[in-house]
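Welcome! Please have a look at it first.

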Amino acid sequence: MSVSENNLINENLIESFRPRLRAYVAVEPVLDYLHFLEPEQKEDIRHRARKDGNSAAVDVLIGAVLRKPHPAGWFQAFVDALSHAECSHAADVMRGKLPDAAVEAENDICMRMIDILVPSLVCMDTKEVCTMCYARELIPKYDQDQILHLAANKGQRDAARELLKIIVRCPPGWYSQFVQILRDTEHNDLYKLMGGFSDDTAAKTTTSEPGKANPESSTCQRLDDKDTEDDVIDLYQSEEASEGEEAAPKLSRSLERLPPVNGDLDKDDIELRDYQMDVAKPALEGKNIIICLPTGSGKTRIAVYITRKHLDRKRAEGKTGKVVLLVNMHVYKVERVSGQSMHKISFTEIVKNNDVIICTAQILENYLEKTLKGEDEGVHLKDISLIIIDECHHTKKDEVYNRVMMRYLKQKNKNRIMLKEQKEIVPLPQILGMTASLGVGDATVLKAAEDYILQICANLDASQIWTGNLGNYSKEPDKKIVHVEDKEKDPFGDVIKKIMNVIQMHAELSPTCELGSQSYEQWVVQREQQAAKEEDQKVRVCMEHLRRYNDALIVSNTIRMCDAFRFLNKKHEEELKSKSSPDDEHVIKISDTERELFKLFRENKKELEKLSENQSYENDSLSQLQKSVLYQFTTTEDARGIVFTKMRQSAIALSHWIQENPKFADVGVKVSYVIGGGNQSVVKPMTSTEQKAVLNKFRSGDVNLLIATSVAQEGLDIPDCNFVIRYGCVTNDIAMIQAKGRARAQNSNYIVIEVKGSGVTERESVNDYRVNLMSKAITRIQAMDPAEYNKQIGEYQMQALLEDKMRMTNNKKHKKLALPSEVKLSCRHCSKIVCTGDDIQIIKGMHHVNVSSQFRELFIQKGNTSLQEPFDYETNGTIACKDCGQKWGTMMMYRAIECPCLHVKNFVVTIKEKKFSNYTKWRDLPAKFPAFDYTEHASCLALDSDEEFES
């Protein structure tokens with residue numbers, strides 16, 4: 001090909017993608033690398049950028065690049081300039097690396113929505129958000145400097161606009177990262193506005209009853225810090241879908257792959273199997289029902305069919321049909337409202353202008369609440385004709401699904417009263433619940449299981465549960481439980497247990513739990529909290545070390561001994577570092593107990609390290625996992641499988657172990673891992689973009705073995721598999737059914753491998769019993785006399801309404817907050833009184849700082865190198881107790897003032913003379929602190945500076 005022909009192709013390429021380049025190119029940094037342009041040309045382009053904006057300047061830049069004659073290598077120089085200026089998305093487009101059309105379309109929606117949300121987003125604290133964007137590698141250093149300079153000279157709002165312009169130039173996936181950054185910087189209103197979930201349901205795992213905080217809960221709040229994986233991604237969640245996860249991934253992605261519906265509305269392109277039509281019929285008649293079918297049996301297809309027929313029927317009746325919580329269908333106008341599309345800002349208009357809306361349950365709840373408050377942007381239930389609830393087994397207690405349905409039940413009750421008064425009633429939507437398993441809750445007998453399921457039916461106002469007979473279409477995988485032998489010798493574990501026994505004796509405690517078990521860990525956390533309240537520092541420190549060794553035992557029994565040793569050694573080094581002062585003048589006290597514990601590890605360190613290198617002592621579970629995986633890949637053509645494990649750390653380590661083991665590569669194993677996006681773990685979470693990338697490889701065959709936490713059980717679109725392995729992963733009956741449902745291919749296998757201390761095989765037996773109990777309970781409910789069924793459903797609904805009323809009344813009674821003077825903080829480690837609530841003020845509604853001048857005498861300040869986590873503000877190191885070295889928080893830099901920012905988890909809190917040792921978030925404290933008075937503190941500092949200068 002001649003040079004002129006090549007130039008013509010490149011010119012056409014640039015012109016073809018001119019609209020994309022306008023969006024993706026940042027003119028200023030690109031000009032620095034375009035050496036074939038004259039200085040006068042560059043200055044003209046910069047002037048255009050200052051006068052008319054970046055997009056207009058890109059057009060001038062493209063004109064200059066395309067101007068003939070072209071210098072040699074001009075096109076490659078242009079692409080290199082884009083790349084060096086970190087306009088990577090634009091560079092990829094020029095190289096022909098085009099993103100998937102669907103990804104590009106979704107990215108366009110995200111960009112469009114940022115434009116819509118600009119008036120709200122400019123209210124952000126731009127410096128904090130910008131700093132976090134740079135820390136997360138979302139923007140380059142050049143852009144960070146430019147934005148911070150703009151903030152300092154023109155103000156936060158102008159800087160925010162510039163930040164938003166830069167953000168949208170990032171490659172697809174930027175939106176979810178930006179949403180998470182808003183959450184991490186505690187811009188909660190903006191986070192929710194952009195599709196993030198509220199924190200309303202965070203109390204689910206830490207409260208004794210819905211809606212009521214219980215700081216003394218025995219569920220061990222601090223266990224949440226362990227990197228276990230419970231962040232299932234699906235519609236029902238109202239938070240922890242984190243990092244902008246799509247809120248309706250399972251239903252929407254699955255439905256998108258169904259045949260498109262085009263042309264005549266009467267043409268039925270979607271054909272249902274007999275069992276699918278059987279369960280769909282009641283819904284086609286307008287009845288509220290629950291469809292309970294196994295994963296992979298076509299619930300999504302049924303939902304699409306019902307939606308089409310519902311809208312057709314409404315149109316035939318001359319009425320408007322609105323379906324919420326569904327998916328793409330081409331004959332009707334469909335809108336996706338989720339964590340990434342972010343049309344939530346105009347949700348009311350979307351409901352008006354579209355037939356089908358994909359929506360998080362939380363978005364719907366938020367806009368129903370707006371209606372209740374009389375706000376303009378609300379939505380009425382009467383505006384919707386059909387609500388489809390995927391994974392409807394979550395419609396219980398204080399789950400967001402149930403809050404939506406509680407509004408439905410309240411209106412239903414009002415309608416009943418209005419009918420008696422011969423008044424016009426408010427129309428309610430039809431409800432379609434869908435799930436693979438309703439579960440039985442805590443029931444152990446048939447009657448209790450019936451009651452549990454009837455309660456869910458009442459919550460969903462379901463007229464019946466439909467299960468269907470799959471017949472030949474059933475794909476139940478063969479189940480196998482692999483029992484493992486205890487190690488004949490476990491010298492590594494024996495050394496750890498010996499150390500733990502010494503610590504227990506030192507603490508004068510004799511637990512009944514087995515070392516290396518989850519129950520032992522719960523005991524440790526509870527005893528640590530109790531010891532902190534009782535100021536028993538010997539026991540508290542021992543509990544911290546026992547938890548560490550218990551974690552090492554779990555890791556050793558799950559993965560490899562070397563992983564466990566590295567974990568212990570890292571923790572030991574971190575603690576030693578915490579006991580060192582940044583200067584030699586101050587000596588941090590080390591208690592006799594701490595000296596003994598440090599000495600105990602040092603005495604056993606070499607032996608542990610040596611034993612960890614001896615592979616003959618590795619756990620049998622790992623060898624059984626190897627045998628199972630190798631068997632599947634040597635006996636099954638095109639094998640594809642998932643291994644479920646409990647911890648993120650395990651998923652990553654197992655993936656690395658398989659990659660390092662040549663036996664797996666010999667049989668064609670191509671492994672990767674997928675973990676959740678929540679931030680409750682010490683292990684870095686996966687973004688939705690990273691999850692999609694791995695799943696796409698799994699779908700295409702580039703990856704054929706997936707190591708996954710519970711994130712892949714429910715809610716993510718996982719291709720059909722030949723085998724599923726639960727590797728020491730304890731779960732409930734619903735999650736077991738979800739996991740088994742991933743093995744959808746013919747002649748599939750579902751394998752459970754024991755891991756010592758997990759109790760997984762016992763739990764699996766319990767789960768089998770619960771599944772059978774659920775089946776029997778559903779059968780009995782289906783056989784109930786309709787009149788008796790309706791009577792019981794009505795009673796459950798009235799009970800739910802009364803309980804909700806009582807709960808709201810109790811919440812109002814318990815809203816009385818403590819005065820700041822009634823709050824005291826004590827060091828968690830040494831029990832020294834640190835301050836009272838009178839010393840605490842709040843910066844920007846979130847950061848609790850100590851404003852007492854005497855407080856500075858109580859702590860030492862350490863450099864930024866010790867920071868273990870990202871913060872949403874500028875820090876000048878950590879602060880720690882001067883006496884014992886316990887970390888208290890960070891030194892926050894706020895508008896040139898150093899403010900000691902306290903993290904409540906590091907303290908024992910006394911409220912009205914009652915001690916609490918398990919607060920982890922300030923918002924859980926029943927106390928209100930005043931806002932930080934910047935003017936007063938700045939004037940005091942200025943006065944002090946003047947006095948020092950004069951002296």
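Just after helix H9 (residues 126-135), Glu 137 takes a positive phi of about 60°. Keep in mind that this is a predicted model, in which local features need pLDDT of at least 70 and side-chain atom pairs count only at pLDDT 80 or more, while totals for chains, interfaces and linings use all residues. Numbering starts from 1 along each chain as its sequence is written, and side-chain values use heavy atoms, leaving out hydrogens and water.

**Helix H9**
- Helices here are DSSP runs of H or I with at least four residues, strands are runs of E with at least two, and both are numbered from the N terminus.
- Thr 126, Glu 128, Val 129, Cys 130, Met 132 and Cys 133 are the buried residues of H9 (buried means under 20% relative accessible area with a 1.4 Å probe, protein chains only).
- Their cover includes helices H10 (141-154), H11 (156-167) and H12 (174-184), together with strand S17 (847-850).

**The open sheet**
- Six strands form an open sheet with parallel pairing, in the order S8-S13-S12-S9-S11-S10 (two strands pair if DSSP finds at least two bridges between them).
- At the edges lie S8 (478-482) and S10 (671-674), each pairing on one side only.
- S10 pairs with S11 (residues 705-708) in the parallel sense over 4 bridges, and Val 671 has Leu 705 in S11 as its bridge partner.

**Confidence**
- The protein chain has a mean pLDDT of 79, and 81% of its residues reach 70 or more (pLDDT is the predictor's confidence in each residue, from 0 to 100).
- Residues 326-333 have pLDDT below 50, and this stretch has 38 contacts in the model beyond near neighbours in sequence (contact means heavy atoms within 4.5 Å).

Notes. Buried < 20%, exposed > 50% of the residue type's maximum accessible area, 1.4 Å probe, protein only.
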